[in-house]
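Please read it with the sequence and the model side by side.

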Amino acid sequence: MIKAIIKKELIQLRRDPRLVALIIIMPLILLTLFAVALKLEPQNVRMAYVDQDRSFFSHMIKTGLWSDAYFDLYAVKNKAQIIEEIRAGHAKAGLYINSNFSYLLTENKQPHIQFFVDGTMPSLTTTMKYHSNSATSDDISSDMYFSDADADNVVIAQKPFIMDTRILFNPEEKETWFFLPGVIGVLIMQIALILTGITVVREREKRTLEQLLVTPMSRTSFIIGKLLPYVIIALLDFYFILLAGWLFFDLPQPSSHGLLFLLALVYVAVMIALGLLISLISSTQQQAMFIAIFIIVPSILLSGFIFPLEAIPDSIRPVSYAIPFTYFVDIIRGLLIKHTHFIDLANAYLALTGFALLFVGMSIIKFRKTL
Amino acid sequence: MPATDNKMIRVKHISKRFKKTLAVNDVTLAVEKGVIFGLLGPNAAGKTTLIRILCGIIKADQGEVLINGLSSQKAKPVFGYVAQYFGQYEGLTVWENLEFYARMYGVTDKKRLDYLLQRYDLTQFKDLLAGTLSGGYKRRLALACALAHDPLVLFLDEPTAGIDPLTRKRLWDDFYQLSAEGKTLFVSTHYMEEAQRCHQLAFMSAGTLVAKGSPTDMKHTLGDKRVYTSILPYQPEVQTALQKMAGLILVNQFGNELRIVAQNNVKKEQLEETIATIIQQIIELDETEPNLEDAFIVLTQNQTSPATNRR
């Protein structure tokens with residue numbers, strides 16, 4: 001009996017070539033993607049620096065930071081700009097070396113240099129702090145001791161200079177600040193892709209679509225009527241989680257409520273339209289679910305939501321930028337935690353809008369062909 | 001533009017191809033107002049495809065459909081459709097389904113919906129989920145939903161398939177009632193006795209309309225062919241022997257009744273002799289009027305060799 005059921009299931013599965021293709025292709029793609037993508041070790045993390053000393057010694061510090069390819073240094077004009085670069089998302093870290101660095105060093109006066117890190121992503125913050133040690137390692141500092149011939153012999157124990165670390169935007173490195181905004185996006189993605197994903201295909205499978213198609217409803221009213229409930233649910237969810245974040249997790253207020261709402265609208269539009277597209281291209285609910293999950297899993301892993309984008313190698317990075325969720329994560333962290341200026345988020349907003357238009361357009365074309 | 005004549009449905013040279021099969025092949029027909037039009041044909045004859053084209057669910061490759069003088073798309077407010085399979089929402093109650101379909105046509109008149117519930121014996125099940133109804137009541141609900149907007153034309157795709165005889169009779173009584181109210185009904189079926197009840201009929205076979213007319217006209221499509229009948233238990237040898245005879249069009253067995261349709265040049269005695277030699281018994285054939293089934297089978301069969309049928 002069990003054998004007969006197993007056989008029947010396998011036959012049914014075989015008769016759905018699209019599902020079989022998905023079952024075979026999905027692990028292959030995910031495997032290649034993750035085997036290559038998830039190194040978990042960031043590389044070339046952008047670091048904005050200001051070196052006012054421009055000495056042999058300050059250069060040694062920079063070389064130390066540069067040498068293991070963890071940090072990718074570029075010069076900016078002044079200290080304020082370092083913070084702005086990090087706020088805008090151009091850099092994740094910063095370095096400031098004052099003009100009197102070599103002077104104080106030669107005077108044995110233990111100069112301070114400042115190291116800035118973006119605190120929005122605590123895991124990245126931790127590894128950045130760890131890697132910043134290469135600036136103060138013995139290899140570098142051993143050449144920085146100066147003895148005064150006239151003075152008493154001092155025990156060489158003191159560090160020649162001190163590096164102060166300043167964590168920006170999330171100074172307490174709260175994990176919830178980092179996770180919550182992204183979780184909102186994941187939830188909306190699930191609602192949109194899974195609920196919307198089966199909404200049309202279910203009507204087709206249950207044969208209710210045929211009965212609906214003879215009514216004088218227009219295609220537009222069908223689509224709007226189908227999608228609007230999910231748009232509202234998704235928007236409510238967006239603010240529900242945010243409210244929980246504000247009430248219980250001390251989540252900061254956004255730099256602009258208007259921009260936050262704009263994000264909610266555009267992102268929900270992208271996801272719902274993508275869900276509709278899934279529903280239109282699938283012929284069974286099973287297929288729709290499979291495609292939805294196929295999109296959700298890489299979105300979570302490759303978007304910078306959990307692992308920093310810096311940890312994703314250049315070869316895979318285009319995939320990250322093809323994921324709408326990547327831009328959502330970028331914007332919502334910018335708005336809530338870093339208070340990034342709109343101008344620096346404009347590209348991400350544009351990308352999301354582009355996705356929305358693309359998916360809506362594809363849905364309309366597909367809808368015309370199938371119904 | 002409203003119909004200038006009393007033709008409620010006009011179909012001109014409709015064709016539809018699905019990959020290799022020509023599902024509907026150059027179909028032309030017209031149905032007058034208030035008529036019950038029966039589309040009779042074996043399974044896979046293209047009946048459902050034709051109805052779907054008429055309802056505007058699928059597009060024909062060629063041809064024109066006019067319902068009340070309008071294209072299917074524009075005529076949607078004036079016709080209703082009951083699909084072959086239950087297409088209402090199983091997760092909604094009877095009332096919710098009815099209300100939903102009514103609103104899709106802009107109908108908000110609760111009295112009309114109450115009237116429909118009553119008419120189709122559904123009042124008692126008003127608050128039940130549609131999915132829990134029996135087959136017969138599901139069909140009634142589908143009818144009620146299709147009638148919510150009081151359409152002029154009703155398309156019914158095998159409305160009585162899988163329905164018990166009593167419910168079937170009730171549904172047909174209702175169809176007459178609807179026709180008497182002036183509605184035009186387009187019904188597909190493969191039940192002979194239902195075809196008999198239609199005012200007008202079309203036989204469909206392999207995508208083509210092979211005959212059109214009233215049930216009486218249809219019986220006459222056999223022309224000068226003769227129909228013979230006799231009471232004789234089923235014997236495969238008789239069938240085999242008769243099939244070998246020239247001029248035989250159909251050998252059909254209904255239980256104990258043998259029916260033979262033959263060209264008029266086949267002599268009755270010749271047939272009697274052939275059968276008698278096999279059953280070793282004298283047999284008398286009676287010449288009779290062709291019935292709808294004779295006509296249907298003859299018209300829809302592959303006409304190069306006589307078919308045998310046993311029921």
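A residue counts as buried when its relative accessible area is under 20%. By that rule, buried residues make up 51% of the 371 residues in chain A of this predicted model.

**Chain A as a whole**

- Chain A is built with 15 helices and five strands.
- The radius of gyration of chain A is 27 Å, whereas a compact globule of 371 residues would have a value near 21 Å.
- Taken along the principal axes, the box filled by the C-alpha atoms of chain A is roughly 100 × 50 × 35 Å.
- When contacts in chain A between residues at least 6 apart in sequence are considered, 78% of them join residues at least 24 apart.

**The largest pocket**

- The largest pocket has a volume of about 1300 Å³, and of the 45 residues that line it, the closest to its centre are R52(B), G56(B), I57(B), I58(B) and K59(B).
- Both chain A and chain B supply elements that give two or more residues to this lining: from chain A these are helix 9 (208–213) and helix 15 (342–370), and from chain B they are strand 1 (7–18), strand 2 (21–32), helix 1 (47–54), strand 4 (62–67) and helix 2 (72–75).
- Helix 1 of chain B gives the most to the lining of the largest pocket, namely five residues.
- By class, the lining of the largest pocket comprises 19 nonpolar, 15 polar and 11 charged residues.

**The second largest pocket**

- The second largest pocket, with a volume of about 910 Å³, is lined by 36 residues, and those nearest its centre are G89(A), K92(A), L309(A), E310(A) and Y321(A).
- Helix 13 (317–321), helix 14 (324–338) and helix 15 of chain A are the elements that give two or more residues to the lining of the second largest pocket, and helix 14 of chain A provides the largest share, with six residues.
- The lining of the second largest pocket holds 14 nonpolar, nine polar and 13 charged residues.
- Because domain 1 (45–168) and domain 2 (174–366) of chain A both give residues to this lining, the second largest pocket lies between the two domains.

**Enclosed cavities**

- How many cavities of 30 Å³ or more does a search of the whole structure find? The search finds two.
- The largest cavity holds about 40 Å³ of space, and its lining is made up of Q211(A), V214(A) and T215(A) together with Y81(B), Q88(B), Y101(B), Y105(B), C145(B) and A146(B).
- Six residues in the lining of the largest cavity are nonpolar and three are polar, while no charged residues are present.
- The second largest cavity has a volume of about 30 Å³, and its lining consists of R87(A), A88(A), G89(A), D330(A), K338(A), T340(A), D344(A) and L345(A).
- Helix 4 (79–88), helix 14 and helix 15 of chain A are the elements that give two or more residues to the lining of the second largest cavity, which by class has two nonpolar, two polar and four charged residues.
- Why does the second largest cavity lie between domain 1 (45–168) and domain 2 (174–366) of chain A? The cavity is placed there because both domains give residues to its lining.

Key. Residues are numbered from 1 along each chain as its sequence is written. Chains are lettered from A and ligands numbered from 1 in the order in which they are written. This is a predicted model: local features need pLDDT of at least 70, side-chain atom pairs count only at pLDDT 80 or more; totals for chains, interfaces and linings use all residues. Side-chain values use heavy atoms; hydrogens and water are left out. On a 1 Å grid over the protein atoms alone, a cavity is a set of points where a 1.4 Å probe fits but cannot get out, and a pocket is an open set with protein on both sides within 12 Å along at least five of seven lines; lining residues have an atom within 4 Å of a point. Grid points are joined across faces, edges and corners, and a volume is the space filled by probe spheres set on the points. Helices (H or I, at least four residues) and strands (E, at least two) are DSSP runs, numbered from the N terminus. Ala, Val, Leu, Ile, Met, Phe, Trp, Tyr, Cys and Pro count as nonpolar, Asp, Glu, Lys and Arg as charged, and the others, Gly among them, as polar. Domain bounds come from an automatic or database domain assignment. The radius of gyration is taken over C-alpha atoms; the globule rule is 2.2 Å times the number of residues to the power 0.38. Buried means under 20% relative accessible area, exposed over 50%, partly exposed in between (1.4 Å probe, protein chains only). Contact means heavy atoms within 4.5 Å.
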